[in-house]
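Trainee: I am new to this structure and would like to go through it step by step. Could we begin once it is in view?

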Amino acid sequence: MNKFSLILLTFFLLSNIAVAGTLDEGMTAYQAGDYIKAYQTLLPLAKKNNADAQYYIGGMFADGLGVPQNSGKAVRWLDKAVKNNHKEAAVFLGKMYLSGRGVPLDPQKGAYYISLSDAKEAEAQQAEETESNADEECD
């Protein structure tokens, strides 16, 4: 491996380590009410398909936390999080459609998103049971 490749690999590894810390920093800022810092920290992660970051960014747009309230952007970010299997995003989006909060009232679409969160919960429970059964077989 030449020197340039080694430097490039080191940079790549360090940038991935920084991203992991960035999610924690963004969520900490959000929980502390520092929404501007949370937005600045989470947005790059959301753009890289991090479902948690997409969920938080969507919620920030829905509620106008650190950003101007924008239901269209909220729906887009929450929908991306749902597509990345984020069940809380599915519930949030479902409730928006069920109540007509920032979006046209659409009970059918609301029920659809809520059902997605239920399906994701069932999948997670099934995976946990399968893993538990596999562990028991190894004993």
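Mentor: Helices (H or I, at least four residues) and strands (E, at least two) are DSSP runs, numbered from the N terminus. This is a predicted model, in which local features need pLDDT of at least 70 and side-chain atom pairs count only at pLDDT 80 or more, while totals for chains, interfaces and linings use all residues. Residues are numbered from 1 along each chain as its sequence is written, and side-chain values use heavy atoms, with hydrogens and water left out.

Trainee: How many helices and how many strands does the secondary structure of the chain come to?

Mentor: Read from the N terminus on, the elements run α-α-α-α-α-α. The secondary structure therefore comes, with runs taken as DSSP gives them, to six helices and zero strands.

Trainee: Why is the pair of Y30 and Y56 called edge-to-face?

Mentor: A search of the whole structure finds seven aromatic pairs, where rings of Phe, Tyr and Trp (its six-membered ring) pair if their centres lie within 6.5 Å, and planes under 30 degrees apart count as stacked, over 60 as edge-to-face and the rest as tilted. For Y30 and Y56 the ring centres are 4.7 Å apart and the planes stand at 70 degrees, so the pair is edge-to-face.

Trainee: Which helices does the pair of Y30 and Y56 link?

Mentor: Both Y30 and Y56 are buried (under 20% relative accessible area, with exposed over 50% and partly exposed in between, for a 1.4 Å probe and protein chains only). The two residues are 26 residues apart, and the pair links distant parts of the chain, with Y30 in helix α1 (residues 3-31) and Y56 in helix α3 (residues 51-63).

Trainee: Are the rings of Y97 and Y113 stacked or edge-to-face, and why?

Mentor: Y97 lies in helix α5 (residues 87-99) and Y113 in helix α6 (residues 107-138), so the pair ties together parts 16 residues apart in sequence. Both residues are buried. Their ring centres are 6.0 Å apart and their planes are at 5 degrees, so the pair is stacked.

Trainee: Which residues in the largest nonpolar core touch the most other members?

Mentor: A nonpolar core is a set of buried Ala, Val, Leu, Ile, Met, Phe, Trp, Tyr and Cys residues joined through side-chain atoms within 4.5 Å. The elements giving two or more residues to this core are α1, α2 (35-47), α3, α4 (71-83), α5 and α6. Of its 31 residues, those that touch the most other members are L42, I57, M60, V82, L93 and M96.
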